[in-house]
Amino acid sequence: MFEAWLRKGGEGASIIQRFKREANKAEIFVSERGLDFPETSVFLIRSSINQLKQSVLLLDCLAEFRFSKDSPAFFLDMNPREEQEWAENLSDRISTEQSHKEIAVCILDTGVNYSHPLLAQSITLSDTDSHNPNWGKNDHAGHGTKMAGLALYGDLYPLLVSRDKITLTHCLESIKILPPEGLNPEDLYGVITNEAIARAELLAIERKRIFNLAVTAQDFSNQNSNPTSWSATIDKLAFGYEDDSIKRLFLVSAGNLPYDEIKNYPYSNDLYAVQNPAQAWNCLTIGAFTEKVDIDTTNYPELTAIANEGELSPTSSTSILWNDSDCPIKPEIVMEGGNYAKDKKGFITSHESLSLITTRSDFQNKLFTMCGDTSAATAQASRYAALVAYEYPEFWAETIRGILVHTADYSKLNFDYEHIKTLNQEQKKNILRRFGYGHPKLKNALSSGKSICTLIIQDEIQPFIKEGSNVKTNEIKFFNLPLPVDALNQFPLEEVELKVTLSYFIDPNIRKINTKYSKTYSSCALRFDSKAGTESLEVFKKRVNKVEREILDSGRLETGFSNPENDQWVFGSNLRSYGSIHSDTWLGTAAQLAKKESICVYPVGGWWKTRKQLEKYNEKIRFSLLVTIQTKNTEVDIYNEIANRIKIDLEA
């Protein structure tokens with residue numbers, strides 16, 4: 001996209017007509033409306049440099065030629081005819097994989113207007129339903145259709161200005177859970193969600209789906225992390241309570257601050273906790289950050305962006321207020337949620353330039369609309385999850401959830417691991433409870449290259465066993481890492497990273513909430529640990545067994561005193577032990593990493609152990625373990641050696 005600045009001189013409208021005529025001959029798109037100034041007129045064009053060079057007459061009209069600023073305001077200010085032209089251009093570049101109907105993002109919201117021209121190829125009437133048949137299936141408020149566009153495409157702005165082909169690999173579903181008038185009783189949201197999932201799974205029984213829930217209970221008086229009937233229902237559905245062979249992945253928005261609290265940014269974000277049901281252990285809760293800080297100062301000289309680049313979006317809630325010692329990290333990841341603006345008097349406003357572009361419900365009038373906050377962030381994360389599900393159909397729901405966390409970092413959030421490692425425990429915890437584990441870098445993380453390699457293990461473990469009248473902690477799973485020892489030893493002082501993420505779903509028990517979650521709400525908890533470079537494999541196994549017997553089973557969180565390398569982990573064994581997804585990064589040298597050839601997963605107590613009368617002590621739980629080795633030096637060829645070692649192991 002470029003801005004064509006036309007010299008007007010004494011010719012006025014005639015030079016505009018000539019420019020558009022020559023652009024049409026060269027098949028260059030020119031916006032119908034432009035910005036008019038005393039000596040110039042500015043139009044947005046879509047063109048290659050070669051197309052411009054081919055017309056001398058066209059170039060003769062130009063006073064200046066600039067790259068267009070990255071602003072969605074241009075598209076949101078269009079008239080319907082011009083909008084239609086851009087939408088048709090986008091539609092002409094869209095194709096669908098033959099199997100795209102096998103994976104869906106299921107939107108639990110206000111309904112979706114499935115006839116929208118940019119959605120129609122991915123959702124039909126048969127892909128929709130409603131909790132109450134009297135509500136109808138179409139979108140009555142617009143929110144669900146906004147989520148649909150972002151869940152299918154992401155932000156439409158880069159697609160509209162691009163000339164690239166787009167291939168859709170997943171489709172959409174919609175279950176309407178909000179009434180056209182009034183509100184659902186809050187105590188029924190668990191029941192409604194449970195029925196909505198059942199309806200969705202009847203739409204296409206064999207279809208794999210990601211559930212997108214960008215609806216929260218805006219009870220700002222409830223600032224704790226205690227489970228509710230709604231959050232426990234999501235945990236139950238994710239775990240597969242009625243049929244443990246069915247696991248479900250939920251992406252839930254963290255929830256937004258009251259609009260009038262934006263003026264107190266960023267302090268207000270710490271004072272408003274993640275909203276029900278986003279405290280659920282098994283869901284992936286999505287917060288919002290922003291990179292959108294540019295406003296057209298020519299037309300809006302009095303406005304400035306509230307959040308700086310890489311900071312929390314002004315409405316994104318956090319879990320800073322949660323004082324429970326072992327409540328989950330929420331949100332787990334953050335996605336782009338747009339920004340807000342303020343004038344010199346402190347007046348707060350949303351602004352097109354600081355928003356994302358998505359599909360509009362009343363598309364007969366306008367095709368595009370702006371969107372932001374944690375809802376927009378959640379829809380984009382749901383798209384990421386669907387892309388992973390398509391790329392790796394054998395991956396479990398636990399694994400897809402794990403990948404989104406595992407591929408996240410703080411590179412877009414003004415932090416890095418080296419800096420975080422130097423902070424104290426409280427400062428580290430605050431980073432986790434504001435930003436989670438960061439922003440996922442999906443494209444890079446899913447591709448193994450010479451300097452990055454991700455190993456993924458999908459397994460199960462039986463946490464407990466009954467011996468006589470006592471229920472005891474059972475097995476520990478040890479895994480040998482196929483480390484590229486030769487490559488690492490060639491560069492012994494090279495800085496390397498070992499990132500580990502453990503993802504599993506707990507079986508919830510909402511019977512008691514006045515004591516530790518790990519004993520009453522969670523069926524069990526799992527932990528990971530790795531062999532230190534300074535200890536033998538035998539010593540490592542004894543250490544983990546000792547910690548399991550003497551520390552973990554006592555109900556206290558780990559202190560990490562027995563791990564000789566605990567200070568080399570960014571967060572450490574204490575902070576990474578919250579909830580049911582655990583992620584941490586070890587920083588060290590290549591020589592040290594070459595000796596860390598073993599990693600383990602082990603269980604911690606929960607109600608499966610303490611509630612003997614319920615006879616859950618023989619149950620097994622699935623888990624996904626992700627391990628990434630990364631170096632800054634691309635000369636360290638870790639990928640090929642690992643691939644060769646795995647090949648040898650498989651052939652043995």
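How many bridges join S14 to strand S17 (residues 341-342), and do the strands run parallel or antiparallel? Select both strands to find out. Two bridges join them, and S14 and S17 run antiparallel. Keep in mind throughout that this is a predicted model.

**Stop 1: a three-strand sheet**

The three strands form an open sheet in the order S14-S17-S18, with antiparallel pairing. Now look at the edges. Strand S14 (304-305) and strand S18 (348-349) stand there, each with a single partner strand, so one side of each is left without a neighbour in the sheet. For a residue-level view, pick Ala 305. Opposite Ala 305 stands Ala 341 in S17.

**Stop 2: strand S4**

Go to residues 40-46, which make up strand S4. Is this strand mostly covered or mostly open? Mostly covered: seven of its seven residues are buried. Show the side chains and compare the two faces. Thr 40, Val 42, Leu 44 and Arg 46 point one way. Ser 41, Phe 43 and Ile 45 point the other way. Residues on both faces are buried.

Two bridges join S2 to S4, and the two strands run antiparallel. Select Phe 29 and look across to S4. The bridge partner of Phe 29 there is Arg 46. That is one of the S4 residues already on display, pointing the way of Thr 40, Val 42 and Leu 44.

**Stop 3: the nonpolar cores**

Which residues have the most contacts inside the largest nonpolar core? Select Phe 368 and Tyr 410; they hold that place in a core of 160 residues. Then colour helix H11 (residues 373-391). H11 gives the most to this core, with nine residues.

**Stop 4: salt bridges**

Side chains of opposite charge can pair when their charged atoms come close. The structure holds 28 salt bridges.

Start with Asp 270 and Arg 434. Their side chains meet in a salt bridge, 2.7 Å from N to O. Asp 270 lies in helix H10 (residues 267-271) and Arg 434 in helix H14 (residues 425-435), so the pair ties together parts that are 164 residues apart in sequence. Asp 270 counts as buried at 17% relative accessibility, whereas Arg 434, at 25%, counts as partly exposed.

Move to Arg 543 and Asp 529. The closest N and O atoms of this salt bridge are 2.8 Å apart. Arg 543 belongs to helix H18 (residues 537-550) and Asp 529 to strand S28 (residues 525-530), so a helix and a strand 14 residues apart in sequence are tied together by the pair. Arg 543 is buried, with a relative accessible area of 8%. Asp 529 is buried too, with a relative accessible area of 8%.

Then select Arg 576 and Asp 584. This salt bridge spans 3.0 Å, N to O. Arg 576 is buried at a relative accessible area of 4%, and Asp 584 is buried at 1%.

Finish on a network. Select Lys 101, Asp 127, Glu 173, Arg 207 and Arg 209: salt bridges that share partners join them into one.

How values were computed: Residues are numbered from 1 along each chain as its sequence is written. This is a predicted model: local features need pLDDT of at least 70, side-chain atom pairs count only at pLDDT 80 or more; totals for chains, interfaces and linings use all residues. Side-chain values use heavy atoms; hydrogens and water are left out. Buried means under 20% relative accessible area, exposed over 50%, partly exposed in between (1.4 Å probe, protein chains only). Helices (H or I, at least four residues) and strands (E, at least two) are DSSP runs, numbered from the N terminus. Two strands pair if DSSP finds at least two bridges between them. A salt bridge is a side-chain nitrogen of Lys or Arg within 4 Å of a carboxyl oxygen of Asp or Glu. A nonpolar core is a set of buried Ala, Val, Leu, Ile, Met, Phe, Trp, Tyr and Cys residues joined through side-chain atoms within 4.5 Å.
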